[in-house]
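The tour below moves from one selection to the next and says what can be found at each stop.

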Amino acid sequence: MNKILILIVAIIVTTTSCSKNESDRYPNVEEELHYYFDQFIEEATSRGITIDLSDIDGRISPVSTPGLIGLCQFEEEANNKITVDQNSWDEADTLFREYVVFHELGHCKLFREHLDNTDVDGFCFSMMASGTASCNTNYTLTTRAEYIDELFGN
Ligand SMILES: [Zn+2]
């Protein structure tokens, strides 16, 4: 009887501490973005790079500039902040959402600037393409790994 009771208490403690960690991981990042922040860290880790995103803020909200899907704001006295346009987010699939979040973290965390070079087929060489240039982004499940290699400088 006592053993069962101890087990139940242990489970409750574990569950509580898990959900606490979950919400503390990215304190100023909207829940929907957490998966993509996790993915960013995972992709970095698999390339031997340690990334801490606890100092990045993130939100999904309407962006007033037409054609703008996301942005990164550099702050001097606060965390850098990424914003993804609400409409673009709602219409995007998982892959495109990842592309947008990774691109903005490319600015806000990796301090990358836009790069509009094209590859031999005329596609954007980098996922840091500005989106205003002549190259077309070709971010697919097939090309994804190569783009992320380039993003992290591998
Ligand atoms: Zn950009």
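Begin by selecting Tyr 147, Ile 148 and Leu 151, which are the buried residues of α5, where buried means that 20 or more other C-beta atoms, placed from the backbone, lie within 10 Å of the residue's own, exposed means 12 or fewer, and partly exposed covers what is in between. These three cover an arc of only 95 degrees around the axis and therefore sit on the same side of α5, the arc being that of the directions from the helix axis to the C-beta atoms. Helices (H or I, at least four residues) and strands (E, at least two) are DSSP runs, numbered from the N terminus. The model is a predicted one, in which local features need pLDDT of at least 70 and side-chain atom pairs count only at pLDDT 80 or more, while totals for chains, interfaces and linings use all residues. Residues are numbered from 1 along each chain as its sequence is written.

The buried residues of α5 pack against α2 and α4, with a contact taken as two C-beta atoms, placed from the backbone, within 7 Å. Just after α5, select Gly 153, whose phi is positive at about 75 degrees.

**The whole chain**

Of its 154 residues, 25% count as buried. Among contacts between residues at least 6 apart in sequence, 47% join residues at least 24 apart.

**Helix α4**

Next select residues 94–108, which form α4. Its end C-alpha atoms are 21 Å apart, in agreement with the 21 Å that its 15 residues should span at 1.5 Å a residue, the expected span being 1.5 Å times one less than the number of residues. Eleven of the 15 residues are buried, so α4 is largely enclosed by the rest of the structure; among them are Arg 97, Glu 98, Val 101, His 103 and Cys 108. The buried residues of α4 pack against α2, β1, β2, β3, α3 (86–91) and α5.

**The sheet**

Now show the three strands, which form an open sheet in the order β1-β3-β2 with mixed pairing; two strands count as paired if DSSP finds at least two bridges between them. β1 (56–60) and β2 stand at the edges with a single partner strand each, so one side of each lacks a neighbour in the sheet. Neighbouring strands are turned by 15 degrees against each other on average, direction ignored. α4 packs on this sheet, touching β1, β2 and β3, and its direction makes about 20 degrees with that of β2; axes are lines fitted to C-alpha atoms, for helices over the stretch in contact, and angles run from 0 to 180 degrees between N-to-C directions.

Which way do β1 and β3 run relative to each other, parallel or antiparallel? They run parallel and are joined by five bridges, and Arg 59 stands opposite Thr 83 in β3. β1 is mostly covered, four of its five residues being buried. On the other pairing, select residues 70–73 and 80–84: β2 and β3 run antiparallel, joined by four bridges, and Gln 73 has Lys 81 as its bridge partner in β3. A hairpin through six residues connects β2 to β3.

Move to α2, whose 15 residues reach 22 Å from first C-alpha to last, close to the 21 Å expected at 1.5 Å a residue. Its buried residues are Leu 33, Tyr 36, Phe 37, Phe 40 and Ala 44; they cover an arc of only 105 degrees around the axis, which puts them on the same side of α2. The face turned away from that buried side carries the exposed residues Glu 31, Glu 42 and Thr 45. The buried residues of α2 pack against β1 and α4.

Keep Phe 40 selected: leaving aside neighbours within four places in sequence, Phe 40 is in contact with Ile 51, Leu 53, Val 101, Phe 102 and Leu 105. The largest nonpolar core has 26 residues, and those with the most contacts inside it are Phe 40, Val 101, Phe 102, Leu 105 and Met 127; such a core is a set of buried Ala, Val, Leu, Ile, Met, Phe, Trp, Tyr and Cys residues joined through C-beta atoms within 7 Å. Its largest share, six residues, comes from α4.

**Last stop**

Finish at Phe 111, in the loop between α4 and α5 (144–151). Phe 111 has a phi near 55 degrees, a positive value in a residue other than glycine, and is exposed, with 10 other C-beta atoms within 10 Å.
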